[in-house]
Amino acid sequence: MTFQKILITGAGGQIGSELTSYLSEIYGEERIIPSDVRDTGDSRFKFLDVTDKKSVALILDKYKIDTIFHLAAILSANGERNPEVAYRVNVDGLHNILESSVEKKVDLVMIPSTIGVFGPETPKENVPIETVTRPTTIYGITKLLAEQLGNYYQYKRGLDVRGMRFPGLLSYKSPPGGGTTDYAIEMMISAVKGEKYDCFLKRDTRLPMMYLPDALESLKKLAEADASKLVHRTDFNVSAFSFTPDELEAELKNYYPSFSSYYKPDFRQRIADSWPGSLDSSAAKREWGFKPNYDFRGTVEDMVTNLQARLIPGKA
Ligand code: AKB
């Protein structure tokens with residue numbers, strides 16, 4: 001599959017900003033159209049509010065878009081703070097993207113999903129794709145609907161829609177935006193800065209995670225995968241490793257022996273408690289070759305090295 005013009009929505013966010021650079025390097029900057037509703041200060045970015053269907057149709061026409069990475073979304077913690085906005089962006093925004101894509105004959109729409117689609121009744125370990133999905137957050141509810149809407153457009157409207165359920169994503173270049181797994185990045189930043197950290201989750205909360213470079217490669221692999229090999233479409237589980245805040249604190253102490261974290265769970269604990277501790281990613285491996293390169297230790301090492309170079313350059 002060749003991508004001539006790729007629109008990235010939510011390109012100013014944690015995944016979007018790095019995906020913009022990653023895809024620009026691979027396919028050429030002129031083929032990538034990054035967009036966001038926020039002003040990123042980058043002149044390459046186009047303004048796009050995905051909840052405005054006319055603007056979505058216009059941008060698809062104007063740049064002759066054939067591929068979309070639809071990343072504009074409100075994450076779990078911010079969603080609970082403002083469920084109405086989360087619904088509008090995550091559901092109406094996606095619906096506009098899918099409808100306009102059919103109208104404008106877009107070839108492929110990538111819609112990343114999340115472990116947020118699982119709920120308290122989902123089994124906790126090695127969770128398969130097909131399992132109990134009864135999410136209790138607006139984020140999870142809207143993303144489960146997104147997966148199913150994606151499948152519907154695939155089978156009823158002939159649109160190629162693909163996506164995977166991301167775990168917590170760890171990255172050092174751009175900050176995460178309002179998620180529950182954000183604690184891990186915040187803890188690493190505190191350790192590097194020589195500060196203590198007040199963790200908003202309990203020390204033994206185990207969650208699946210992955211390093212952002214592996215997430216970027218996964219998005220590209222799934223987008224390029226041979227459609228005839230895909231049994232699943234919008235709901236692949238992907239995860240590289242799992243850890244608890246306690247385990248992360250212990251790993252960080254190998255680099256910063258005086259670092260310590262304090263545990264003061266808030267409303268995000270309930271969200272984390274409703275998610276599984278580990279995922280079964282075997283369908284992604286089988287159907288399109290998912291293969292993360294970074295394990296827990298390797299991720300922390302790379303994160304610490306890069307955060308140190310960014311936050312305290314003299315020490316790098
Ligand atoms: C969040 O915590 O909301 C996200 C996610 C797991 O989808 N990072």
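What is the volume of the largest cavity? The largest cavity has a volume of about 50 Å³, where a cavity is a set of points, on a 1 Å grid over the protein atoms alone, at which a 1.4 Å probe fits but cannot get out. Grid points are joined across faces, edges and corners, and a volume is the space filled by probe spheres set on the points.

Before going further, keep in mind that this is a predicted model, in which local features need pLDDT of at least 70 and side-chain atom pairs count only at pLDDT 80 or more, while totals for chains, interfaces and linings use all residues. Residues are numbered from 1 along each chain as its sequence is written, and side-chain values use heavy atoms, with hydrogens and water left out.

**The cavity and the pocket**

Select H70, A72, A73, N90, L94, I111, P112, K143 and A146, which line the largest cavity; lining residues have an atom within 4 Å of a point. Helices α4 (83–103) and α5 (138–157) each supply at least two residues of this lining; helices (H or I, at least four residues) and strands (E, at least two) are DSSP runs, numbered from the N terminus.

Next, turn to the largest pocket, which holds about 840 Å³ of space; a pocket is an open set with protein on both sides within 12 Å along at least five of seven lines. Of the 44 residues that line this pocket, L71, A73, I74, L75 and G177 are the closest to its centre. Helix α1 gives the most to the lining of the largest pocket, with three residues.

**Helix α1**

Select residues 14–27 to show α1, whose 14 residues reach 20 Å from the first C-alpha to the last, close to the 20 Å expected at 1.5 Å a residue (the expected span is 1.5 Å times one less than the number of residues). The buried residues of α1 are Q14, I15, G16, E18, L19, T20, L23, S24 and Y27, where buried means under 20% relative accessible area, exposed over 50% and partly exposed in between, with a 1.4 Å probe and protein chains only. Just after α1, G28 takes a positive phi of about 100°.

**Two lysines in loops**

Most residues other than glycine have a negative phi. K64, in the loop between α2 (53–62) and β4 (67–70), has a positive phi of about 50° although it is not a glycine, and K64 is exposed, with a relative accessible area of 66%. K105, in the loop between α4 and β5 (108–110), likewise has a positive phi, of about 60°, and counts as exposed at 67% relative accessibility.

**Domains and core**

Colour domain 1 (6–168 + 211–237) and domain 2 (171–208 + 241–276 + 294–311) separately; these bounds come from an automatic or database domain assignment. Their centres, taken over C-alpha atoms, are separated by 25 Å, and the contact (heavy atoms within 4.5 Å) takes 27 residues from domain 1 and 27 residues from domain 2.

Now select L170, Y183, M187, F243, L248 and L252, which touch the most other members among the 37 residues of the largest nonpolar core, a nonpolar core being a set of buried Ala, Val, Leu, Ile, Met, Phe, Trp, Tyr and Cys residues joined through side-chain atoms within 4.5 Å. Helix α6 (183–193) is one of the elements that each supply at least two residues of this core, and α6 gives the most, with seven residues. Both domain 1 and domain 2 give residues to this core, so it lies between them.
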